[in-house]
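Subject: Structure for your review

Dear colleague,

Please find below the sequence and structure that I am handing over to you. My notes on the findings follow directly after.

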Amino acid sequence: MVVAGAGMAGVQTAVALREQGFDGTVTLIGAEPHQPYDRPPLSKAVLLGKAEHSAFDVDFESLGIDLVLGREVLGLRPADRALDTETGPVPYDVLVVATGAEPIRLPGAEGVPGVHLLRTLDDAERLRPVLADRHDVVVVGAGWIGAEFATAAREAGCAVTVVEAADRPLAGALPAEVAAPMTGWYADAGIDLRTHTRVDRVEPGAVVLDDGSRLPADAVVVGIGARPATGWLTGSGVELGAYGEVVADASLRTSVPEVYAVGDCASFPSGRYGERLLVHHWDNALQGPRTVAANILGAATGRPPAVYDPVPYFWSEQFGRFVQYAGHHAAADTTLWRGDPAGPAWTVCWLREDRLVALLAVGRPRDLAQGRRLIESGTAMDPGLLVDPGRPLKAATA
């Protein structure tokens with residue numbers, strides 16, 4: 001077994017293969033030279049110098065996992081059952097693609113001093129002295145990563161301006177009425193949020209906006225999204241989708257025999273939501289590998305393939321708030337609120353035909369835990385009971 005990618009999805013795939021009884025060779029290949037690590041702490045503890053690293057607590061040697069680091073994958077030749085890397089080919093019997101996603105770069109900003117991304121351990125280490133010196137920081141993009149970095153920068157004492165092309169934070173992730181209350185979080189934290197604003201260019205020490213105004217910037221952090229890191233699969237025969245993601249089936253198999261895909265780099269068909277999902281979040285990279293491992297081992301024994309159809313889940317810590325989301329709200333026909341969005345704790349619930357399909361919980365972790373189980377079970381809800389924030393969500397069923 002060869003696993004390409006040593007992030008959460010790759011590491012968990014290798015571990016799951018061993019836990020489920022595979023006793024053959026497992027090779028885990030990572031492009032970075034560092035011991036495999038968890039990414040969420042990069043925008044929090046590691047960035048603020050509260051932790052030196054976030055390496056996974058996995059004993060690869062005792063598990064018999066051959067860890068190959070600092071080796072980028074360059075291509076795939078299915079006819080030869082070979083993975084091409086910068087130091088030569090690696091043969092495989094079964095391959096798992098787990099190369100994750102890579103940040104989208106700001107056009108024209110490449111090579112400009114002081115421009116940063118926040119995706120890798122090296123990125124976080126380059127940004128630590130920026131925060132320690134309390135520099136003026138401009139963040140491009142008010143998505144999840146932009147909000148988390150802005151939070152850390154303010155905690156460190158930096159002056160922070162966030163520039164967002166859309167009319168609100170999280171415009172690509174949440175409906176306008178749900179994201180609207182979050183706009184005030186920036187001002188409350190002492191951050192200058194500028195919506196409807198585009199960057200014209202970045203110069204050393206400044207960001208020039210499309211209206212000609214200049215923002216002083218000792219550092220510029222770009223957080224405008226990510227795309228699947230699958231360019232190396234071009235021409236391999238592995239089907240890629242509209243966003244460059246690997247198009248996996250319900251069992252996380254690709255269009256090429258004996259090649260699976262999992263995590264941020266792959267989409268999968270959801271029977272629960274009736275559409276294909278591409279989920280760029282930690283929990284997907286944790287859950288999917290168990291299905292991949294089960295199906296790899298099941299294929300050898302003739303066991304029917306397991307279907308991967310999770311309730312997507314993610315969380316974000318920003319501006320002193322714990323924000324959690326579960327489900328997929330695109331197909332909802334009703335939106336209901338539990339609590340006052342001007343307050344410190346509230347929940348938004350999305351229903352389709354009285355079934356809960358998604359919820360966003362701010363400071364209400366119990367709502368999230370109960371709601372996630374209600375989404376999984378497809379239990380009918382009573383809308384009149386559901387809007388009462390004093391009633392447990394599990395007691396708001398029809």
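Throughout these notes, helices (H or I, at least four residues) and strands (E, at least two) are DSSP runs, numbered from the N terminus. The model is a predicted one, in which local features need pLDDT of at least 70 and side-chain atom pairs count only at pLDDT 80 or more, while totals for chains, interfaces and linings use all residues. Residues are numbered from 1 along each chain as its sequence is written, and side-chain values use heavy atoms, with hydrogens and water left out.

I begin with a loop residue. Gly363 is located in the loop that runs between β26 (355-362) and α6 (365-377). With a relative accessible area of 38%, Gly363 is partly exposed; buried here means under 20% relative accessible area, exposed over 50%, and partly exposed in between (1.4 Å probe, protein chains only). Residues up to four places away in sequence not being counted, Gly363 touches Phe322, Pro344 and Ala345, where contact means heavy atoms within 4.5 Å. Of these, Pro344 is 19 residues from Gly363 along the chain, and their C-alpha atoms are separated by 6.8 Å.

The structure holds 16 salt bridges. Among them is the one between Glu32 and Arg39, at 3.5 Å from N to O; Glu32 is partly exposed at 21% relative accessibility, and Arg39 is partly exposed at 30%. Another joins Asp249 to Arg253, whose closest N and O atoms are 2.8 Å apart. Asp249 is partly exposed at 25% relative accessibility, as is Arg253 at 35%.

Turning to helix α2 (residues 121-132), its 12 residues should span 16 Å at 1.5 Å a residue, and its end C-alpha atoms are 17 Å apart, which agrees. The expected span is 1.5 Å times one less than the number of residues in the helix. Which residues of α2 are buried? They are Leu121, Asp123, Ala124, Leu127, Arg128, Val130 and Leu131. They cover an arc of only 170 degrees around the axis, which puts them on the same side of α2; the arc is that of the directions from the helix axis to the C-beta atoms. The buried residues of α2 pack against β9 (115-116), β10 (136-140), α3 (144-155) and β16 (219-222). Just after α2, Arg134 adopts a positive phi of about 55 degrees.

Two of these partners lead further into the structure. In helix α3, one finds Ala147, which is buried at 1% relative accessibility. Leaving out residues up to four places away in sequence, Ala147 touches Tyr186, Gln318 and Phe319. Strand β10 pairs with β11 in the parallel sense over five bridges, strands being counted as paired if DSSP finds at least two bridges between them. Val137 stands opposite Val160 in β11. Four of the five residues of strand β11 (residues 159-163) are buried, so the strand is largely enclosed by the rest of the structure.

The last topic is the nonpolar core, meaning a set of buried Ala, Val, Leu, Ile, Met, Phe, Trp, Tyr and Cys residues joined through side-chain atoms within 4.5 Å. The largest such core has 96 residues, of which Leu131, Phe149, Val162, Leu174, Trp350 and Leu360 touch the most other members. Residues up to four places away in sequence again left out, the contacts of Val162 include Val139, Ala150, Tyr186, Ile191 and Leu193. A second, separate core of 20 residues includes Ile29, Val73, Val90 and Val246.

Yours sincerely

Terms used
A salt bridge is a side-chain nitrogen of Lys or Arg within 4 Å of a carboxyl oxygen of Asp or Glu.
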